[in-house]
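Biologist: I would like to learn how to read a protein model. Please take me through it step by step.

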Amino acid sequence: MVVTMPGYYERFQCLASACGDNCCRTGWEIVVDEGTVDYYRSLPEAQSRRILSALGRDEEGDAYIRPQNGQCPFLTERGLCGLVLELGEAHIGEICALHPRYREWFPDRMEVGVGLCCEEAARLILADPEPCEFVSYLTDAEEDEEPLPLYPPLLELRDRLFTIVQDRTRPLALRWAEALRLTQTAQRAMNQNCLPDPNAGPDTAEAVPTRWQPVLGALLDAHLEMEVLESAWGRELAELRESLETLDWAGFAACLGARSYEYEHLTVYLIFRYFLKASFDGDALGKLRQAVGMVLTIAALGAWHWQRTGVFTLADQIEVARQYSKEVEYSDDNMESLAEAFLFEEALDMPHLLGLLEG
């Protein structure tokens, strides 16, 4: 089996107590695998009872750590994991041990990365001015014998999308548009129960000339209907939506200068993490449209930060992207809500998106 990862993956190292937004303070209900729960049951009675008392069971019967005052009850005052200090790293739940790393399995490969919601991961994703490269190596793990017909052509198409999105001879908006048109060609084939041709040309459907305000307005409206983890996030979205007509895109672009590659990196991150999942559900175009919409929204939040403060540093970009990922990407309900917006909002349909990007 092949293991594929972004080139920065193996440089990731948790900042622990030095992290500005410790993931143990997110208020998330973290699932604990049953093997770890069984280990806690095997501990001396008083120790076992104390640890297990902090766990609950969700509607599906999975054990999870119940947050207390918005944070993990095992977090120490120094910002370290009390379970690690008490029991060692080998005896925390699988999710805690892996986060913010993620894994995706396909017939002949496993893909791994680090999630944008983490401060240090976001820095690795965004900071390097060079195009993102991927590293692969072979392992002895067995490949999945279950056929997945869409996987081979979508894997080839994804490689093509990476090349297009990282072609810095053209504006990113035009790269997005070409990637969307190529994926629309593939999607038309899949909708007709045919395998897509990864080398087919871009779809030639006509675009509808569109201003950016209706598109971003629809995106922000969709985000404002989502579940909110931190009230400040909701207020910022609402303020941006209210002031959308006055957003100074040109001034923000001038402030960014050559740093526009940060949005290229975000696009590549989202395509790597989500596009091949269309091998299972057949919604390649939905995955790419959603990725473009997410990056557009992050860019708008960045522009709003710059307009209010007059500065937008790399640290600001990392914080905007990290907070967005924490609120949206790491909520299944919020990601589903965004996907539905692309299905039903006219301003977000392909003709309008292409009209905005190619206009």
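Biologist: How many helices and strands are there in the protein?

Modeller: A word of caution comes first: this is a predicted model. The protein has 16 helices and 7 strands.

Biologist: What radius of gyration would a compact globule with 359 residues have, and what does the protein have?

Modeller: A compact globule with 359 residues would be near 21 Å. The protein has 22 Å, so the value agrees with that of such a globule. Along the principal axes, its C-alpha atoms fill a box of roughly 70 × 55 × 40 Å.

Biologist: Which share of the contacts is between residues 24 or more positions apart?

Modeller: Taking the contacts with a separation of 6 or more, 75% are between residues 24 or more positions apart.

Biologist: How should I read the interior? What share of the residues count as buried?

Modeller: The general idea is that nonpolar side chains tend to be buried together in soluble globular proteins. Here, 51% of the 359 residues count as buried. The largest nonpolar core has 94 residues, and L154 and Y263 touch the most other members. Helix α13, residues 284–309, gives the most to this core, with 15 residues. A second, separate core has 14 residues, including V37, Y40, L87 and I92.

Biologist: Which residues does Y263 touch, not counting those up to four places away in sequence?

Modeller: Y263 touches L172, F252, L256, V295, I298, A299, F312 and Q317.

Biologist: Now a single residue. Is Q184 buried or exposed?

Modeller: To decide, compare the relative accessible area with the cut-off: buried means under 20%. Q184 has 8%, so Q184 is buried. This residue is found in helix α7, residues 172–191. Leaving aside neighbours within four places in sequence, Q184 is in contact with D203, A205, L285 and M350.

Biologist: Why is C255 called partly exposed?

Modeller: Partly exposed covers the range between the buried limit of 20% and the exposed limit of 50%. C255 has a relative accessible area of 29%, and therefore counts as partly exposed. C255 lies in helix α10, residues 249–256. Beyond its neighbours within four places in sequence, C255 is in contact with W306 and F312. The C-alpha atoms of C255 and K277 are separated by 36 Å, with the two residues 22 apart along the chain.

Biologist: Last, the charges. How many positive and negative side chains does the protein have?

Modeller: There are 30 positive and 61 negative side chains. The centres of these two sets lie 4 Å apart. As for the surface, the accessible area of the protein comes to about 17400 Å², and 51% of that belongs to carbon and sulfur atoms.

Notes: Residues are numbered from 1 along each chain as its sequence is written. This is a predicted model: local features need pLDDT of at least 70, side-chain atom pairs count only at pLDDT 80 or more; totals for chains, interfaces and linings use all residues. Side-chain values use heavy atoms; hydrogens and water are left out. A nonpolar core is a set of buried Ala, Val, Leu, Ile, Met, Phe, Trp, Tyr and Cys residues joined through side-chain atoms within 4.5 Å. Buried means under 20% relative accessible area, exposed over 50%, partly exposed in between (1.4 Å probe, protein chains only). Helices (H or I, at least four residues) and strands (E, at least two) are DSSP runs, numbered from the N terminus. Contact means heavy atoms within 4.5 Å. The radius of gyration is taken over C-alpha atoms; the globule rule is 2.2 Å times the number of residues to the power 0.38. Accessible areas come from the Shrake-Rupley method with a 1.4 Å probe; for residues, only the protein chains shown count as cover. Lys and Arg count as positive and Asp and Glu as negative; His and the chain ends are not counted. The place of a charge is taken as NZ of Lys, CZ of Arg, CG of Asp or CD of Glu.
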